[in-house]
Amino acid sequence: MLDDTKSNKVLVEVRDLKMHFPIHAGVLRKRVGEVKAVDGISFDIYEGETLGLVGESGCGKSTAGRAILRLYDITEGTIRIDGVEIGHTPQPDLRKMRPTMQMVFQDPQASLNPRMSVAAIIGEPLDEHARLSKAEKREKVLSLMDAVGLNRDFANRYPHEFSGGQRQRIGIARALALNPKFIVCDEPIAALDVSIQAQVVNLLEDLQEEFGLTYLFISHDLSMVRHIADRVAVMYLGRVVELASRETLFADPKHPYTQALLSAVPEPDPWLEEKVERILLQGDVPSPSNPPKGCNFCTRCPQVMDICREIDPLGQEIAPGHQVTCHLYQTT
Amino acid sequence: MSDATVTTTVKPKAPRNQWWDVWDQFKTHKGAMAGLIFFVFIVLAVYLGPFLWKIDPTYIDFRARNQGPSLAHPFGADQLGRDILARMLAGGQVSISVGLTAMILSLVLGTFVGVLAGYWKRLDGMLMRLTDLFLALPLLPLLMVIIMLFRDPLRKMFGLEAGIFILIVFVIGITSWMQTARIVRGDVLALKEREYVLAARSIGTPSRRVVLRHILPNIMSPIMVSATLGIANAIITESALSFLGLGFPPDYPTWGRLLFDAKDMIQQYPERVIWPGLAISLTVLAVNYIGDGLRDALDPRIRGR
């Protein structure tokens with residue numbers, strides 16, 4: 001939408017997605033409450049774009065990513081991927097949809113089965129969804145390894161023999177095996193060295209161009225999101241507080257939380273660093289099992305008003321493509 | 001880079017069968033190799049030995065009573081004049097087959113229950129209470145009741161020896177799977193939260209294949225340990241049953257039976273206890289080492305180190 005190459009077709013449409021995990025306690029394991037990890041988020045992802053999803057630890061980013069792929073049974077809401085509603089489809093029926101949507105995981109060490117060779121790991125999606133002969137499968141696996149920049153000779157090696165960056169490449173190759181349209185990248189670079197992070201992110205960008213992929217890029221690294229994302233959604237305590245194009249969000253953040261988040265980005269220049277005014281938030285993030293009344297951010301917001309403690313703000317479009325959930329910008 | 005040109009021009013090698021890697025690693029484990037050689041030797045001896053050593057283990061030669069080792073009876077003869085070597089060979093056949101079969105039965109049962117309980121939360125409570133129930137059962141009275149009830153029907157159905165064999169294996173199998181089940185369940189509970197299981201689910205792998213492909217290979221180590229300990233346990237339980245008169249008939253030699261027959265005269269003829277005792281311990285030790293080596297060889301992280 002912002003770029004000429006990006007189409008206007010919505011590939012992923014998330015509406016009011018809620019993912020609550022029950023808390024059981026007591027002798028009878030009665031349900032005493034729930035962790036509202038994701039509490040009503042809505043956004044669209046256009047075909048061919050990258051939507052960055054940022055927020056601090058525990059705000060529900062990863063849960064949102066997994067819930068969108070229906071790795072959890074969601075509490076409420078609708079998810080449409082490529083025109084198909086999958087919000088409440090039972091797991092066995094989802095199997096047919098799986099090739100469209102794939103995931104790259106955070107920890108490349110943990111997301112690869114240590115007992116399977118690289119060829120077996122990359123070939124697993126093919127075993128599940130494609131009917132290929134042994135030779136065809138092998139050829140496909142090798143071409144995927146080429147695509148992510150792994151040496152073909154490594155096909156029979158095991159994950160522990162690789163470095164972190166190479167393991168992440170294996171994970172990416174596995175996600176690519178079924179020619180997906182949509183990939184959720186769940187902090188794919190968080191466990192890597194800075195030098196390797198750049199390689200992996202550039203690889204993701206190259207693959208996006210080559211295969212026309214759409215990413216949901218989950219990260220807490222703002223500079224990396226600024227580099228890769230077309231649009232950015234900021235999450236706080238299970239809600240999306242601000243959603244805008246990359247340029248708008250980084251140049252003109254509206255929500256007090258986004259402002260605080262962006263002001264925390266380190267400044268490499270020591271002269272400028274002294275002049276940077278940081279917005280320091282007071283207190284801790286409230287527990288997602290017991291969010292505050294009204295706006296979720298009202299306990300820490302520097303610009304809090306009376307209304308914030310009473311009424312939950314609704315998402316509002318204050319400029320085309322710029323959505324903010326805050327009473328400061330509420331026009332009605 | 002020269003590397004790149006080489007890899008593009010040279011056709012990639014056909015994948016080597018992974019079992020060769022396993023075998024290569026197994027060979028480096030000296031204890032396991034010694035164990036394997038000894039175990040193969042014992043198995044060959046007890047199954048092929050009777051073709052070379054043709055004395056009938058039940059043949060009674062009163063003139064040879066309580067004889068020490070001689071050329072005619074290398075291990076000596078017992079209080080009825082039966083050749084001990086022949087009885088050892090015949091007894092080994094029974095003990096090893098009972099040990100292996102009962103171990104496999106208890107392992108399959110234990111792994112099955114453990115995986116079901118660990119992976120499917122709905123079955124967990126029920127299956128684990130069942131396991132607790134079996135653990136809490138008083139074993140000997142139970143064995144007695146089972147054998148009293150089923151000995152005769154099984155004998156009629158499969159013949160004397162086969163009937164008893166099936167009964168013993170079954171009894172040992174269903175009373176020794178609980179440890180395995182508990183260990184397996186614990187490991188499955190931990191493994192199913194790993195990211196690669198989540199990755200498999202995001203690919204759309206159905207649960208049964210997640211279990212077969214990702215869970216089972218990764219719980220190999222505890223299963224192997226259970227298996228090797230299970231053989232020892234089965235051989236010893238079988239001898240205890242024979243001792244109580246619940247197992248094979250008294251004239252039917254097994255290692256455990258030989259041990260118990262000889263223990264009354266341990267002062268005069270200690271070698272009669274030593275031979276079957278040594279055979280049981282060495283077999284168990286050999287199997288333990290094989291299990292150890294196999295566990296290491298099956299783990300790609302250890303392989304090639």
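Modeller: The largest cavity has a volume of about 120 Å³. A cavity here is a set of points on a 1 Å grid over the protein atoms alone where a 1.4 Å probe fits but cannot get out; points are joined across faces, edges and corners, and the volume is the space filled by probe spheres set on them. Bear in mind that this is a predicted model, where local features need pLDDT of at least 70, side-chain atom pairs count only at pLDDT 80 or more, and totals for chains, interfaces and linings use all residues. Residues are numbered from 1 along each chain as its sequence is written, chains are lettered from A and ligands numbered from 1 in the order in which they are written, and side-chain values use heavy atoms, with hydrogens and water left out.

So who lines that void? B:D78, B:Q79, B:R82, B:I84, B:R87, B:L258, B:D261, B:A262, B:M265, B:R272 and B:P276 do, lining residues being those with an atom within 4 Å of a point. Two or more residues each come from helix 4 (84-119), helix 12 (255-262) and helix 13 (270-298) of chain B, and helix 12 of chain B gives the most, with three. Helices are DSSP runs of H or I with at least four residues, strands are E runs of at least two, and both are numbered from the N terminus. By class, the lining has five nonpolar, one polar and five charged residues. Nonpolar covers Ala, Val, Leu, Ile, Met, Phe, Trp, Tyr, Cys and Pro, charged covers Asp, Glu, Lys and Arg, and the others, Gly among them, are polar.

Of its 305 residues, 45% count as buried, i.e. under 20% relative accessible area with a 1.4 Å probe, protein chains only.

Zooming out, the whole structure holds four cavities of 30 Å³ or more.

Of its 32 lining residues, A:L71, A:D73, A:Q91, B:Y119 and B:R201 are the closest to its centre. Strand 1 of chain A gives the most to this lining, with five residues.

Key
1 Å grid on protein atoms, 1.4 Å probe; cavity = no way out; pocket = protein on both sides within 12 Å on 5 of 7 lines; lining within 4 Å. Buried < 20%, exposed > 50% of the residue type's maximum accessible area, 1.4 Å probe, protein only.
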